[in-house]
Each structure stands twice: as C-alpha cells, then as structure tokens.
Amino acid sequence: LYYTPTNLGIQALRRLEGYRRTGDVAYLDSARRMAEKLRTLGVVEGDRIWLPFPYDDKRARMRAPWVNALGQAVSLALFSRLHRLEGRPEDLAFATGLFNSITQLKRPDGPWVTEIDLDGYLWFEHYPDGLRGHVLNAHAYTVLALRDFWQETRTAEVRRWLEGGLTTLRDKLIKIGAKVTKHSKYVTFQLAEVAVTRNLFAAILNRIAQLAIPPPVLVCGMPV
C-alpha cells in the first residue's frame, strides 16, 4: 500500500471544508495530520518540492518515481489554505516550494509538470511524457490552486503563472467542449479518472469572474 499525494491532499482539503462549515476542530486536526504526512513525502530539489508517486502506472506509461500537476496542485491549495487559516510560516514555505515545482518547464532530465505548447499556451500536465497531454482536469485544478497561493502572496510572479493558466482555459475551453460532443467516451474517461465533476467547471468560471483579471498579452508563450 502507498500514500498517494493526490488522494492525501484531496482528503485533507475535504476536512478543511468540513471545519469551515462546522467549526469542529476535529476536522482541522485531521487535515493538519494529513498535511504533515505530505511534508514527509516531499522531495526537495533546490527551491522546489516534489511529491512523487512511488509506484509505476503502466496504463499511463509512468514509471516511479513520477509526478503530475494534479498531485502538486492539491497540496499547493491545501498549504495555501492552511496558511490563510492559521498563518504559520512553515505552511507558506512549503506552498512556495510546491509553486516553484509547478514553474519548472518541461526538461529532458528531472521532474516537471508544466509545458508550453506549439501555439504558446501554458499547460499543467497530468501525465508528463506519459500516455497523453493536456488533460483538462489537472490543468484546471492547478489554476484554482494557483489562485489560492496568489491570495496568500499577491506577487506579480504568481499572478503571471495564474494568468497563463487562465489564458489557456479561456481560449481552449470552447475547443475542449467540442471534443466532449465528438468524443464523449474519451472525455468521460478522463473525468472519471480523477473524480472531477461538472461542478469543477462551474467553479472555474466563478473564480475567473471573481479574479477580474484582464486578458494578458502572450509573449514567447508566457503572459507579461
């Protein structure tokens, strides 16, 4: 049996939501224990923190240890929200290491979860160098996590990456929607794979509206 960063992060986020709704500190204590477990799973590379999966995923063509944007993102959201709630510097520091990992672009050696496509769009990848690229679920969740981190930092650098992810959603969401009609079984499989429902799409649109960020200008694949 293995701890997986994605599931551990999602369960911790659910407990934080339980605490928000009820005020029951048992939820918060449980979320904190899961967060501490995630710390022990973290692998430090310079200023980056990676949360690798310790097993092979043959179906997805991923060999251990491998990382993905969804696993990094759920933990980024978790530690950002813990910092917002309790203000602990160590939570922000861990979130910063996770953010730095997300900014690592595709490279031939070493882990990465982010790339720029031939059209200059920024993608946060679910299967880096694996079965397929540009899975909407992982990209969208990473955008939401970047928003959580931006709320804690308010830095231009974080906003730059957030806007890059939002730009991809804005311009590609209609095209992806067309795929849902044309290739419904394939997209349904993608959605079921990480248990993301249509509520995520509603949350994306809602949070884009809340950000009120004007469309960025893309230069060499990155917003300015």
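**Note on the predicted structure**

1. Asp 91 is a residue of helix H4, which covers residues 89-102. The model under discussion is a predicted one. Asp 91 has a relative accessible area of 0% and is therefore buried, since buried means under 20%. Leaving aside neighbours within four places in sequence, the contacts of Asp 91 are Arg 32, Arg 39, Phe 79, Leu 82 and His 83.

2. The overall plan may be considered next. The protein contains eight helices and six strands. In sequence order, these elements give the pattern α-α-β-β-α-α-β-β-α-α-α-α-β-β. The protein has 224 residues, and 49% of them count as buried. Among contacts between residues at least 6 apart in sequence, 63% join residues at least 24 apart. The exposed surface comes to about 11,500 Å², of which carbon and sulfur atoms supply 56%.

3. Helix H1 runs over residues 5-22 and has 18 residues. The distance from its first C-alpha to its last is 26 Å, close to the 26 Å expected at 1.5 Å a residue. The buried residues in H1 are Pro 5, Thr 6, Leu 8, Gly 9, Ile 10, Ala 12, Leu 13, Leu 16 and Gly 18. An α-helix has 3.6 residues a turn, so residues three or four places apart point the same way. The cover over the buried residues of H1 includes helix H2 (25-41), H3 and H5. Just after H1 comes Gly 23, with a positive phi of about 75°.

4. H3 is mostly covered, with 14 of its 18 residues buried. Just after H3, Gly 87 has a positive phi of about 70°.

5. Gly 71 is one of the residues of helix H3. Is Gly 71 buried or exposed? The relative accessible area of Gly 71 is 1%, so the residue is buried. Not counting residues up to four places away in sequence, Gly 71 touches Thr 6 and Leu 51. Thr 6 is itself among the buried residues of H1. Gly 71 and Val 113 are 42 residues apart in sequence, while their C-alpha atoms lie 9.8 Å apart in space.

6. The peptide bond between Ala 64 and Pro 65 is cis, with omega at about -10°.

7. Phi of Arg 154 is near 55°, which is a positive value in a residue other than glycine. Where does Arg 154 lie? Arg 154 is in the loop between helix H5 (136-153) and helix H6 (156-182). Its relative accessibility is 53%, so Arg 154 counts as exposed, the cut-off for exposed being over 50%.

Terms used:
Residues are numbered from 1 along each chain as its sequence is written. This is a predicted model: local features need pLDDT of at least 70, side-chain atom pairs count only at pLDDT 80 or more; totals for chains, interfaces and linings use all residues. Side-chain values use heavy atoms; hydrogens and water are left out. Helices (H or I, at least four residues) and strands (E, at least two) are DSSP runs, numbered from the N terminus. Buried means under 20% relative accessible area, exposed over 50%, partly exposed in between (1.4 Å probe, protein chains only). Contact means heavy atoms within 4.5 Å. Accessible areas come from the Shrake-Rupley method with a 1.4 Å probe; for residues, only the protein chains shown count as cover. The expected span of a helix is 1.5 Å times one less than its number of residues.
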